[in-house]
Amino acid sequence: MTTGRAWPGGPFADGPPPGALAVHRPRLARIGVSELLRVAVVVLVLAACPVTASVRYGRAVAPGRITGRLGGRLGGRVGDRITGRLGGRVGGRPARSWPETLADDVVSAFARLGPMFVKLGQLMASSPGMFPDVLSNAALRCLDDMPPFPAPIARRRVAEDLGAPLDRLFRAFDDRPLAAGSIAQVHACVLADGREAVVKVRRPGIRRRMMTDLRIMYQLSRVLDRYTEVARLSSMVGIIEQLFETTCKELNFALEAHNQGRFGAGLDAYGDNAQVAVPEVYWSHCGPRTICMQRFHGTPLDELAGAGTDAELAVRRGVKVWLEAALAHGPFHGDVHAGNLWLLDDGRLAYLDFGIMGELAPRWRDLLRDMLYTVMFDRDFERVARGLRRCEVLGPDGGTDAQLGRALRALFNPLLDSPVSRLNSRAITEMLLSTARQHAGSAPPELALFTKQLLYFERYSAALAPGWVLGEDPFVLRNVFPAEATERAAALGVPMPD
């Protein structure tokens with residue numbers, strides 16, 4: 001129970017002041033003593049990866065060599081049976097390839113190097129088109145929770161941020177974190193009025209540590225870009241610059257809470273998204289390093305297989321809200337992995353964690369609207385060609401709109417006619433981004449962020465909605481193109497649920 005006089009609320013009780021939403025961007029190219037010392041650690045840890053991978057790879061293949069020779073001498077089915085049992089005892093599973101072993105050791109090194117390298121691994125996991133498959137697959141481990149920091153530190157940070165001891169702030173505060181990420185960890189709590197909530201607390205010293213590592217990554221990427229073709233083709237410098245921008249925004253908790261409120265407000269714009277939820281931000285309990293919000297109870301989408309729920313409808317509702325945010329309201333969720341998309345116990349779908357958000361410029365938003373309208377309703381790719389010209393991706397010497405429309409139709413139809421479970425998100429991402437870079441020289445990072453989310457929706461639909469076809473579901477665009485979507489749904493016999 002709370003004690004003493006009434007607590008007036010934290011520094012953001014009336015909402016964040018305008019200055020609190022500004023993004024602090026320190027100089028990325030700066031190199032100081034801390035960076036030089038850290039470079040030595042990073043080089044030693046990463047340089048050890050080929051050595052440890054060689055040892056592990058050698059141990060993995062040795063049993064196969066032994067049993068292979070033994071089987072050859074024994075011959076026939078008897079030899080197969082004996083060497084199969086022996087192989088199970090001394091080595092068991094087939095050895096992984098050398099690149100797989102090395103990639104696994106590199107990802108393990110990321111975990112030892114700390115949160116910023118874990119975030120780089122998360123970028124690799126969610127952007128397979130930009131990195132070798134073997135590395136992207138190994139980096140999926142980076143999506144798991146980080147080790148938590150001690151609860152007394154979390155308690156002290158919350159008390160300092162909000163200007164009162166915890167017994168005045170909360171009726172209860174759970175010292176065991178619900179989750180721990182690269183930047184923060186989350187603790188369950190109960191507000192003084194009995195509302196269940198969670199508090200997201202930023203890791204101590206994380207800003208300085210991440211900026212140091214980002215400066216090192218930036219300098220390494222510039223060296224690699226100068227001397228290696230792979231780095232130039234993969235735009236390593238641009239990737240680190242984008243990671244820097246994303247991290248600077250994630251470190252601003254006031255901005256994250258503000259974006260969470262904006263995304264949540266968009267749910268009510270049309271009156272038909274009651275089955276999708278966003279946690280309410282409790283601004284009275286928010287500060288520069290603390291976000292307090294409504295607590296939800298549910299299950300991440302990737303744990304729903306075989307759970308007996310209408311997961312396909314949840315996926316459809318989730319994509320609908322996401323598209324409405326990007327094409328109509330402005331800010332869209334830029335990190336829809338399973339930990340941030342839950343099916344709640346009451347049947348609603350919930351979006352969580354708004355540290356990474358994107359917002360497309362109007363002309364790029366119009367281009368995506370044109371593309372979706374074309375795919376869904378009339379396949380008039382001349383409209384898309386005109387949109388590409390507006391975005392200065394295609395110049396006047398690239399052929400007529402009709403010619404470009406025919407080429408785009410041949411290019412996109414095979415992809416967009418497929419079920420989402422078989423949709424090649426990488427191919428679509430590379431098509432859009434490489435076309436933009438080839439003709440316009442660059443593409444907005446928000447477009448890459450938008451297209452990258454397709455990979456997550458692809459994974460969910462493969463497990464939960466394998467028969468669902470995005471291009472044949474007007475429900476997801478019901479509020480973007482109301483009349484056309486209603487007419488199309490009636491023609492196809494597609495249900496338009498509440």
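Which residues in α12 meet which residues in α13? This is a predicted model, where local features need pLDDT of at least 70 and side-chain atom pairs count only at pLDDT 80 or more, while totals for chains, interfaces and linings use all residues. Residues are numbered from 1 along each chain as its sequence is written, and side-chain values use heavy atoms, with hydrogens and water left out.

**The α12 and α13 pair**
- Here is the reply: Leu-323, Ala-326, Leu-327 and Ala-328 in α12 meet Arg-365, Leu-368, Arg-369 and Leu-372 in α13, a contact being heavy atoms within 4.5 Å.
- By class, the residues of this contact are 6 nonpolar, no polar and 2 charged; nonpolar covers Ala, Val, Leu, Ile, Met, Phe, Trp, Tyr, Cys and Pro, charged covers Asp, Glu, Lys and Arg, and the others, Gly among them, are polar.
- Helix α12 (residues 311-329) and helix α13 (residues 362-378) pack with axes 9 Å apart at an angle of about 130 degrees.

**The chain overall**
- You will find 18 helices and 11 strands in the chain; these are DSSP runs, H or I of at least four residues for helices and E of at least two for strands.
- Of its 498 residues, 50% count as buried, meaning under 20% relative accessible area with a 1.4 Å probe, protein chains only.

**Asp-105**
- Asp-105 is found in helix α3 (residues 98-113) and counts as buried at 8% relative accessibility.
- Leaving out residues up to four places away in sequence, Asp-105 touches Cys-49, Thr-52, Ala-53 and Arg-56.

**Around α14**
- Buried residues of helix α14 (residues 381-390) include Phe-381, Arg-383 and Leu-388.
- Just after α14, Glu-392 takes a positive phi of about 60 degrees.

Note on methods. Axes fitted to C-alpha atoms, helices over the stretch in contact; angles between N-to-C directions.
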